[in-house]
Amino acid sequence: MIAALLLVLVAEPFRHDTHLGLKPALECQSCHAFSPETVRPGKNDHAPCDSCHAEEYYRAPGAFCQNCHLSVDPTKKGSSPLVPYPRRAASNDIAFSHASHQAAPCSTCHDQNVDKPTPMKVCASCHDDASVTSDAVRIKKCSVCHLEPAFVSMVAPLITLPFAEGLEANARAPASAPPAIARAPATLAERRPSDHTPMFRTRHEQAARDDDNKCNYCHQGISGSHRDACNDCHATMRPRSHGLRFQGPRHGRVAAESPAKCATCHETDFCTACHDIPPPSHFPISSFLTRHSLRARTNARSCLTCHTFESTCERCHGIGGAE
Amino acid sequence: MILLLGLMALAQSEQSSDLAERVIVRLGVSYDPVLGAGVASQVLGADAALGTRGLLMPTLNTYALARGAMDLAGTPALSLAEDPHGEHPVLPSVYQRGRTLLLHLAYAELEGFAPEGALANLHLRAGRQLHFGVAAVTFDGATLGYDSGRFSVAVRGGQRAAVFDRASTLGRAETNPGLVIGGDARYTLESVSFRAEFLHFGRTFDGNDFSADVGELAVDITPTDGLGITARASLVIPELSHLRLQTAYEIGRTVIVLDLDTKVGRDLSYDLAGGSGTAIGGRRTTLESLRLNIPDAQPYLDARAAVMFDATDWLELEPMFGARKVLGDDADRSPYDADRLVWGLMAGAHFPVASQSALEVFGDYAGFLYFRPDTGTFTDASVGGESVVHDVTTGVRYVRRGAFAMPAIDGRLLSRRSLSVGLFGFASTARWASRYLVSTLDELTMGAGIDGRLDLADVLDLRVSYEVARGSSTFAGDGGLLHGLRVGVQGRF
């Protein structure tokens, strides 16, 4: 069993790009039949693989067989277990029907590297466009594609929420059936993605910056473009750390050590806009002259961020000035 | 212009049911008084985002994002000479008449010049826009690009929009924030992606030329599922600025992050903004140079490792450890050039309370230990600096789910919330050591607050937060309490 699992993990997977680069080029349909059921190519007595690889079927079992089989024992019928198909599931909660997408050319969703999962932004190119797809299959309606198998099988039968009905029906319906989700009003806005844990509030940087970011599917009022990803929210919303006392020494330490972190939101004009006015420690300014000693002795760098010794300190502490 | 396009699109639209998919609206109003410790402000703020997606043309998007604020308490004097007993001004007061309108984004873009073919991969964005690449820059101009997925290239140019620059509001002769011209390209070959970027900043300020060219070369490698490696070399041309290697390895819900960053040459940070300085009695007492007097950091090697994992179904942890070694000469150091160790732990937990509600608990601790050679004199900025810092932030939040509820999965509420109420607190201690102090000085900054959000409808929510914070008696005026209240309403669709 372990050996079989290892074989699945390490065996060279079938290379789509090699086959698509043949002359004359193979079409996807040369091997795949887009029926409602997922059909493994080669299931029909090794057709169509044997049309080109006939010689492999007359050799001792080898690497070629491992494209589909965990092991091969040609002497015993039924003793050549198959590797899972598809080898790479798009996701464990995705219900996708090739049959209902046959109107679109394969290249709409797949590039030459077919083995890579299709990113969700490819789905959005049609399902986020009202001129191409209907409201019933809008990308914001998560349960059109996403299932929660454990939820559907265990919990949904016990409750009667229309959302659950939609999920359940979607999961049980044949792939070619009209989308059951048309009856389900739920959208992503009613259902948080599973990665939105309490820690996600501080970990969302990469998810937001990703070309394939999905923030706008739920969060209304943002542009939805990955080029605006940070500014969309942070231009008008402060991070948790930016409380009432953040403008004190705390921000200076962060800004000096990691200016790039500040630059995620702020351009340098923001720094000088504030630093052109005296900081809170200087107020009331009328008594600051008698209070500045400890500050200067503790952290002179803070003074010298804005002042120079020559322009300020020397007026009193320089030659001829007050001691 | 953007608004006009949006309104025209709305007027021509025949299917109102389609509008929600094609129109972006977000309007928020907040009242934000801060009282105590020498501060008295009542900032009334508003932010707005308006946009359209595919209305006039399937590939045409428009978007504008702005924030305005004004201090109802009046405008403290900008000149200390005018009001030496005045209270500290808050940010909106920095701007003329205590009002500010920050226009962050305002653009129209075409995502594709034709339904099919190569022209479908072209994109053009014109107007005020943010480019977040080798440097974050907002500019008024245009970006033209081609993106086929595997290959992308873009060129951009325009006038830098110094959103926060108050130079123009003070009537300075020099108000030109400068030009930005640049481009980037990316090519993806299987699991390897190559990126290159160039940006030219051109600016003259008070008759001086402060132009700069920056660039970056990067390669992203995904050798196996879950493992991502990024290597970057950034330049302030002609110097090499940084070399950086980042790796992230994802195994199930565990992510291991390793980050190496070595600063080789100078940074561009702080070099592009101009300050007008502060004058007392006609004499300018602060710098009016192009940059604050924050010296460019000495070369260093920074290393950081973090592991993010689920300790249990309800508890996420992220321990972190990092170190910095300054590579420059001791004599050239400023207090910012300190060797340091940093360590921390973030934790997030989720506890179902009942079938419709839960508690979320969050905690974040970070400790810093600094090592500095004491080689400076009083006129040398290398004097001072923290030696030990501890930062703690924690909070607990009660959440109740929305009307379209979905049962909890793995003990977590995954539905939208209808009510969220949180308590939070923070404390920061720092130990300072200086040759001019008889003994070390410890400062404590701390605060706490409560916030809440109530969804009044699908498109409308009410937000309230209150914070009280005590500042350092050494560095923040009298060290007394500051009270801040924020009340806001936000609508969006």
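Good morning. I begin with a hairpin: strands β8(B) and β9(B) form one with two residues between them, and in the turn E190(B) has a positive phi of about 55°. Please keep in mind throughout that this is a predicted model.

E190(B) lies in the loop between β8 and β9 of chain B, and its phi is positive although the residue is not a glycine. Most residues other than glycine have a negative phi, and most peptide bonds are trans. Is E190(B) buried or exposed? It has 12 C-beta neighbours inside 10 Å, and therefore counts as exposed.

The strands around this turn deserve a description. Strand β8(B) is joined to strand β9, residues 192–202 of chain B, by 11 bridges, and the two run antiparallel. Within this pair, L189(B) stands opposite V192(B) in β9(B). Strand β8, residues 179–189 of chain B, is also joined by nine bridges to strand β7, residues 151–160 of chain B, again in an antiparallel arrangement. There, F151(B) stands opposite Y187(B) in β8(B). As background, the side chains in a regular strand alternate between the two faces of the sheet.

I now turn to chain B as a whole. How many helices and strands does the secondary structure of chain B contain? The count is three helices and 26 strands. Chain B has 493 residues, and 33% of them are buried. If we take the contacts in chain B between residues at least 6 apart in sequence, 52% join residues at least 24 apart.

Next comes the largest nonpolar core. It has 13 residues, and those touching the most other members are A49(B), Y63(B), A64(B), L65(B), L105(B) and Y107(B). Three strands of chain B, namely β2 (39–53), β3 (60–71) and β4 (99–111), each supply at least two residues of this core. The largest share, four residues, comes from β4(B). In soluble globular proteins, nonpolar side chains tend to be buried together.

Which residues does L105(B) contact, once its neighbours within four places in sequence are left aside? Within chain B, the partners are Y63(B), A64(B), L65(B), R128(B), Q129(B) and L130(B). From chain A, L105(B) is in contact with D228(A) and N231(A).

That brings me to chain A. Its secondary structure comes to 16 helices and zero strands. Of its 323 residues, 24% count as buried. Among contacts in chain A with a separation of 6 or more, 46% are between residues 24 or more positions apart.

The loop between α2 and α3 of chain A holds two backbone features. H46(A) is found in that loop and has a positive phi of about 70°, although it is not a glycine. With 15 C-beta neighbours inside 10 Å, H46(A) counts as partly exposed. The peptide bond from A47(A) to P48(A) is cis, with omega near 5°.

P238(B) is placed in the loop between β13 (227–236) and β14 (239–251) of chain B.

The predictor gives the complex an ipTM of 0.72 and a pTM of 0.74. The mean pLDDT of chain B is 79, with 73% of its residues at 70 or more. Over residues 11–15 of chain B the pLDDT is below 50, and this stretch has three contacts beyond near neighbours in sequence. Residues 166–174 of chain B are also below 50, with 15 such contacts in the model.

Chain A averages a pLDDT of 69, and 70% of its residues score at least 70. Which elements of chain A have the lowest and the highest mean pLDDT? The lowest, 36, belongs to helix α6 (residues 162–172), and the highest, 85, to helix α3 (residues 49–53). Over residues 4–10 of chain A the pLDDT is below 50, and the model gives this stretch six contacts beyond near neighbours in sequence. The pLDDT also stays under 50 over residues 148–190 of chain A, for which there are 78 contacts beyond four places in sequence. Where pLDDT is low, the predicted coordinates should not be read in detail.

Thank you for your attention.

Notes. Residues numbered from 1 in each chain as written. Chains lettered and ligands numbered in written order. Predicted model: local features only at pLDDT ≥ 70, side-chain atom pairs only at ≥ 80, totals over all residues. Core = buried A, V, L, I, M, F, W, Y, C linked by C-beta atoms within 7 Å. Buried ≥ 20, exposed ≤ 12 C-beta atoms within 10 Å, placed from the backbone. Contact = placed C-beta atoms within 7 Å. pLDDT = per-residue confidence, 0-100. Pairing = 2+ DSSP bridges.
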